[in-house]
Amino acid sequence: MADDAGLETPLCSEQFGSGEARGCRAAADGSLQWEGFPDSVSPDYLPYQLWDSVQAFASSLSGSLATQAVLLGIGVGNAKATVSAATATWLVKDSTGMLGRIVFQLWQLFPVVVVMIVIVLLFADILNDVAMFLEIMAPVYPICFTMTVSTSNLAKCIVSVAGGATRAALTVHQARRNNMADVSAKDSSQETLVNLAGLLVSLLMLPLVSGCPGFSLGCFFFLTALHIYANYRAVRALVMETLNEGRLRLVLKHYLQRGEVLDPTAANRMEPLWTGFWPAPSLSLGVPLHRLVSSVFELQQLVEGHQESYLLCWDQSRNQVQVVLNQKAGPKTILRAATHGLMLGALQGDGPLPAELEELRNRVRAGPKKESWVVVKETHEVLDMLFPKFLKGLQDAGWKTEKHQLEVDEWRATWLLSPKKKVL
């Protein structure tokens, strides 16, 4: 036992400049093993990077086939083609992509991109495959060549913007020792190495397919299938430890039905890759106050029973929840507001619920239809008992509750809190 304890104690340590000190332990053969990777990155780093390399390699080969088709369509190798016509086509293609990139950035979709990392990753790669398919098919229809390659470049620029945003969010997730710059640099080096390998293989592949359009198209479909599969495996390897709406919905549903909190690995495995195909409560966080109230009476109704730093409005007919956030609302308050909204949606479902919610659901269904603000007021009392246990369960299961990936608008408001009623 004493020997085991001695092996667990670091024998020495070192650091470079102001960087973090590294410890070392004795290995079985007497050599020293320095601590760093894999502790400096998230546990899903290695499987994600392996599949990401496969999909990048397949995409590089597909891009070579698309580039060959574009050059063929512009007129490379055709004695009748003119330099001015080819230049004009190329400039139109590039300018369309630049305009598309500017418009996409002005739409301010980065919060959505960061919130829905997995979905955006898959969407971006599929859109990139569609863009390359358009480039390969462009020479087949010379009349529409310029419009086709311009549309393709527009799609590629959208992919570039979305990919950059998701890459930044993944770097934040994977870096565990304030080493974002190091993780980002290694990812860039890995991408360069993969693209170099793809370039070398392309030099061998292109002469084989240059004279056979059918064979070239078959290779493209094979590489596209490999690309999509590898990308699917890459995003499935990710284990995000912060809650977005989809993961919070899964974890809360499991907690209400079984009384236990799913850990990040199980929740990420169950998270659907595509949303919008199943009916679910609509949750809007950070909406403007003037959208919900138009009179003093409506404001008093909305504030009634709210002691937290948010106001919640529930439209039962449309199953829509809108939340106004106070200036002081922090991550914990926003997480509670989102939990509250999703819990209201559970009242309209048929699954098992805790005793407090089951009793409330039975009262709502049995009696005359209550106004939404009355139900919201009653759920506040239930949530006061459930949420502290749920929050502790999240933290014990490994979720990071000090931050989140919930989609929250920038609107904030202030109001007078409803006075608590004294119970005699």
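Predicted model: local features only at pLDDT ≥ 70, side-chain atom pairs only at ≥ 80, totals over all residues.
Let's start with helix H2, which covers residues 45-74.

Now look across to helix H7, residues 180-209, which packs against H2. The two axes are 8 Å apart and meet at an angle of about 40°. Angles under 35 degrees would count as roughly parallel, and H2 and H7 are therefore described as oblique to each other. Their crossing is right-handed. Sorted by class, the contact of H2 with H7 holds 13 nonpolar, 9 polar and 3 charged residues.

Both helices turn up again at the second largest pocket, where H2, H5 (117-137), H6 (145-174), H7 and H8 (213-237) each contribute at least two lining residues. Which helix gives the largest share of this lining? That is H6, with 9 residues.

The second largest pocket has a volume of about 800 Å³, and 31 residues line it. To find its centre on your screen, look for Asp52, Gln55, Ala56, Asp125 and Glu191, the lining residues that lie nearest to it. By class, the lining of this pocket has 16 polar, 9 nonpolar and 6 charged residues.

Key
Residues numbered from 1 in each chain as written. Heavy atoms only, no water. Axes fitted to C-alpha atoms, helices over the stretch in contact; angles between N-to-C directions. Helix = DSSP H or I, 4+ residues; strand = E, 2+ residues; numbered from the N terminus. Parallel < 35°, antiparallel > 145°, perpendicular 65-115°, else oblique. Left-handed = near helix turned anticlockwise from the far one by under 90°. Nonpolar A, V, L, I, M, F, W, Y, C, P; charged D, E, K, R; others polar. 1 Å grid on protein atoms, 1.4 Å probe; cavity = no way out; pocket = protein on both sides within 12 Å on 5 of 7 lines; lining within 4 Å. Points joined across faces, edges and corners; volume = space filled by probe spheres on them.
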